[in-house]
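Please open the model in your viewer and keep the selection tool at hand.

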Amino acid sequence: MRSLILLEKTQASRADPIVYTNAEALDPKHTGGGTTENFIYNSPGSMAKKALYALDATGVAVKTFRQPLQVAIPKSSPILFDVGSYRPLISVSGVLPREAAPAGHTVAFNGQEYFTPTYFQLQHAVTQWNYVQGEEILLTLLHTNVNSVTYDQYNVAIQSANFGLNSVSPNFWTYELAFVATRSVAGNPSQNV
Amino acid sequence: MTSVAVFLENENDWSNSSSGSVTRYALQVEKVAIVIQKNPIQIAAPKNSPYLFDLGTYKPTVTISGVVDDQSSSNSVSLGSTAFKLPTAYQLSRLSTDWWFDTTQVINLYIQEPDSGSNASYFKYKAALSAVTVDYKAGSEERPEFSMIFFTGRPKVYYPHMTIT
């Protein structure tokens, strides 16, 4: 299964070295001075790595809603009025392993390694990541020619998350994420010119 | 059919035969659905990228469905070292009316994950019942289907599984 979607959050810290918060770390833990996380117990986290997630996606949809006005005129062609506003929405669906993915099951992109999140890691991100200016959530949609790094990047806010577990497929959670997004920035776009 | 390990606990069950003591049920669940609804605002701007505004609020809802025994048994299932009894349809029906969530009657919903090493791994939600359905059908009267909807908080997670290498 291709990892089409990469998800990450810009960290709050600008220190050198960067100190990741419990929300931003790949391995959040329950104690550690000022980083106590009361909702996680007995987690051996070190919080040394940033949460960079490569989602196993079976479906991705990008919809852009526009809102032009179409004013009907009696016995005449309608008048169209469009202020040029738009609202992109992105939905992603796929599966999540219940246990940690094998070592090395990662996706390399722009010099960083992205990890397949477990259900715990993704649901933690859903509740703990929120869109703040300067600490944006970045969604990267990789196109099929991954080797030449063709991608679209969106700043997103998580609108809803659906997780499912079924007794006939006991090793995986299913997920569906919905995002509201800004206009994308493309890297090396494929286009016929 | 195998079932998903989901457990229900009332820490102070005033409808228990020993009033105020803990009641624990192991549910025979076939499906779990968790919906986390957030509420960001996307403000469209003319000829410009939309503005996003997110307070970071979230509202999880858990829906479970499965089957329940019509007749009593002495069966129980363990989560760690704690035993949970299989409820009957009568007991599910009673808890739908007699359990309510408050500080004196905390209801916990456990979703068990595969063991993390030798440790039990699970999510523990504080949960308020929103709806309970017990559905009898001809031919399966001994094991009617049920569904339960809970409004929950953020879960406490014990020994979580994480991909870190």
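Throughout this tour, helices (H or I, at least four residues) and strands (E, at least two) are DSSP runs, numbered from the N terminus. This is a predicted model, in which local features need pLDDT of at least 70 and side-chain atom pairs count only at pLDDT 80 or more, while totals for chains, interfaces and linings use all residues. Residues are numbered from 1 along each chain as its sequence is written, and chains are lettered from A and ligands numbered from 1 in the order in which they are written.

**Chain B as a whole**

Select chain B, which holds 1 helix and 11 strands, and follow its elements from the N terminus in the order β-β-β-β-β-β-β-α-β-β-β-β. Its C-alpha atoms fill a box of roughly 65 × 40 × 35 Å along the principal axes. Among the 165 residues of chain B, 32% count as buried; a residue is buried if 20 or more other C-beta atoms, placed from the backbone, lie within 10 Å of its own, exposed if 12 or fewer, and partly exposed in between.

**Where the chains touch**

Next, show both chains; two residues are in contact if their C-beta atoms, placed from the backbone, lie within 7 Å. Chain A brings 45 residues to the contact and chain B brings 40 residues. On the side of chain B that touches chain A, β2 (21-38), β3 (41-45), β4 (48-53), β8 (107-116) and β11 each supply at least two residues, and the largest share, 9 residues, comes from β2(B).

Now select strand β11 (residues 151-166) of chain A together with β2(B): the two run antiparallel and are joined by 7 bridges, where strands pair if DSSP finds at least two bridges between them. Within this pairing, look for A:Asn162, which stands opposite B:Val35 in β2(B).

**Backbone details**

Most residues other than glycine have a negative phi, and most peptide bonds are trans. With that in mind, which residue lies in the segment after β11 (156-158) of chain B? Select B:Tyr159, found in that segment, where phi is positive at about 50° although the residue is not a glycine. B:Tyr159 is partly exposed, because 19 other C-beta atoms lie within 10 Å.

In chain A, go to A:Asn110 in the loop between β8 (106-109) and β9 (112-115), where phi is near 50°, again a positive value. A:Asn110 is exposed, with 10 other C-beta atoms within 10 Å.

Finish at A:Pro17, in the loop between β1 (5-9) and β2 (40-41) of chain A; the peptide bond from A:Asp16 to A:Pro17 is cis, with omega near 5°.
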